[in-house]
Amino acid sequence: MTQPIRVGLIGTGRIGQVHAASIAALPETTLQWVADPFIAGANAIAEQYGVANVTTDAAEVIAAEDVDAIIIASPTPTHVDLLGAALDAGVPALCEKPIDLDIARVDALREKAAASATPIALGFNRRFDTHFADLHRLVRDGAIGKVEQVTIISRDPAEPPVEYVKVSGGIFRDMTIHDFDMARFFVPEIVEVTARGFNQFSEGIREAGDFDAAVVTLRGAGGEVVTITNSRHSSYGYDQRLEVFGDAGMLQASNVGDSNVRLYTAETVEGQAPYQTFFLERYAAAYRNELSAFVAAIREGVQPSPGFEDGRAALVLADAAERSAREGVSVPVDLSA
Ligand SMILES: NC(=O)c1ccc[n+]([C@@H]2O[C@H](COP(=O)([O-])OP(=O)(O)OC[C@H]3O[C@@H](n4cnc5c(N)ncnc54)[C@H](O)[C@@H]3O)[C@@H](O)[C@H]2O)c1
């Protein structure tokens, strides 16, 4: 029987805990090392999953003889250096999004990443959501003909703490980044970004100099148009919807609830339980599928998708959107340059 991939987990915060659960859930992976300078967090995960190797130093994990791959789930400013160390050591890495907030730092690593055979995966988990992946398969198989319009609606249930907003890089780099990648799932070659940012409801976000809502229009190289609608709040829960319109049809993926039971009475029809609260619930299976795909790429010796260049492309689009919204202009982009 093939041995499981021994994973070193770097960072044991919100998303690190999700990855630890996925590693434990998959037969093809085992949690071998845990690293976090916040040692209590690392110890808690190690105890929960029976892991013997705990450290405050990510470098120790990357250098460990008994690690086959790492997951980088530490804060964004640590990603590029950890990816560089993983590339130097030839250790496959699944890195959380965004790859960084500074495109210059990403570009400094780009050549090394391109020249390396070490698998690097980017944590754009939504590509692995079964609903969106199904929709993508149908588009790829020609079910709706040539794609003309993609509509992405993505609204968080509630705004993050202002302290987080201040260091987040802004709505486009922090939140829309997932939607930029979803846009490129269907229209890889984006050539122009037009964005508007709005302050509709949050004084805290306004004072932090950020937007609490945004609308972005992307133009594809083949004339496709992608529209992204974001809000930092949604009274009815996590709002994640997708529509792709082609010259021979249309596909829709709507929100997901915990139950498909519908209530019909004199006052209401098609009543159902609220949508799943946030990403931890909505994308739990997607995170597992993402890890499975990473393992498959390691075993097959191929580069995972989405990978380093996809992480970079999403950041290029986010930077262009920020500029477009601030300056009121459409911004041309060349993702291959
Ligand atoms: N894909 C997604 O859906 C998703 C969701 C949430 C967060 N994220 C991304 O994951 C990353 C982490 O976010 P989070 O919400 O889990 O943050 P968090 O603050 O909850 O956790 C980060 C953890 O990393 C630890 N850490 C700090 N420096 C470290 C280092 N050098 N080595 C190892 N550990 C270190 C911290 O002590 C903390 O425990 C961010 O880049 C974020 O954008 C992705």
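User: Into which domains is the protein chain divided?

Analyst: Domain bounds come from an automatic or database domain assignment. In this predicted model, the chain is divided into domain 1 (5–118) and domain 2 (127–285 + 314–332). Residues are numbered from 1 along each chain as its sequence is written. Because the model is predicted, local features need pLDDT of at least 70 and side-chain atom pairs count only at pLDDT 80 or more, while totals for chains, interfaces and linings use all residues; side-chain values use heavy atoms, with hydrogens and water left out.

User: How many residues does each domain give to the contact?

Analyst: Contact means heavy atoms within 4.5 Å. The C-alpha centres of domain 1 and domain 2 lie 27 Å apart, and the contact takes 11 residues from domain 1 and 12 residues from domain 2.

User: What area is buried between domain 1 and domain 2?

Analyst: The size of an interface is often given as the accessible area lost when the parts come together. Buried area is that loss (1.4 Å probe), summed over both parts. Between domain 1 and domain 2 about 870 Å² is buried, and carbon and sulfur atoms give 72% of this area. On the side of domain 1, Lys97, Leu101 and Ile103 lose the most area to domain 2, together 56% of what that side buries.

User: How many salt bridges does the rule find across this interface?

Analyst: A salt bridge is a side-chain nitrogen of Lys or Arg within 4 Å of a carboxyl oxygen of Asp or Glu. Across the interface of domain 1 and domain 2, the rule finds 0 salt bridges.

User: Which residues are closest to the ligand?

Analyst: A residue is near a molecule if one of its heavy atoms lies within 4 Å of it. The ligand is surrounded by 23 residues, and the closest are Ile15, Asp36, Thr76, Glu96 and Tyr287. A polar side-chain atom of glutamate 96 lies 2.9 Å from a nitrogen atom of the ligand. For lysine 97, a polar backbone atom is 2.9 Å from an oxygen atom of the ligand.

User: Where is a cis peptide bond found?

Analyst: Most residues other than glycine have a negative phi, and most peptide bonds are trans. Here a cis peptide bond joins lysine 97 and proline 98, with omega about -15°. Proline 98 is in the loop between strand E5 (93–95) and H5. The bond from serine 305 to proline 306 is also cis, with omega near 0°.

User: What is the phi of glutamate 270?

Analyst: Phi of glutamate 270 is near 55°, a positive value in a residue other than glycine. Glutamate 270 is in the loop between strand E12 (249–253) and helix H11 (279–282).

Terms used
Buried area = accessible area lost by both parts, 1.4 Å probe. Polar contact = N/O pair within 3.5 Å; in protein donor to acceptor, adjacent residues only side chain to side chain. Helix = DSSP H or I, 4+ residues; strand = E, 2+ residues; numbered from the N terminus.
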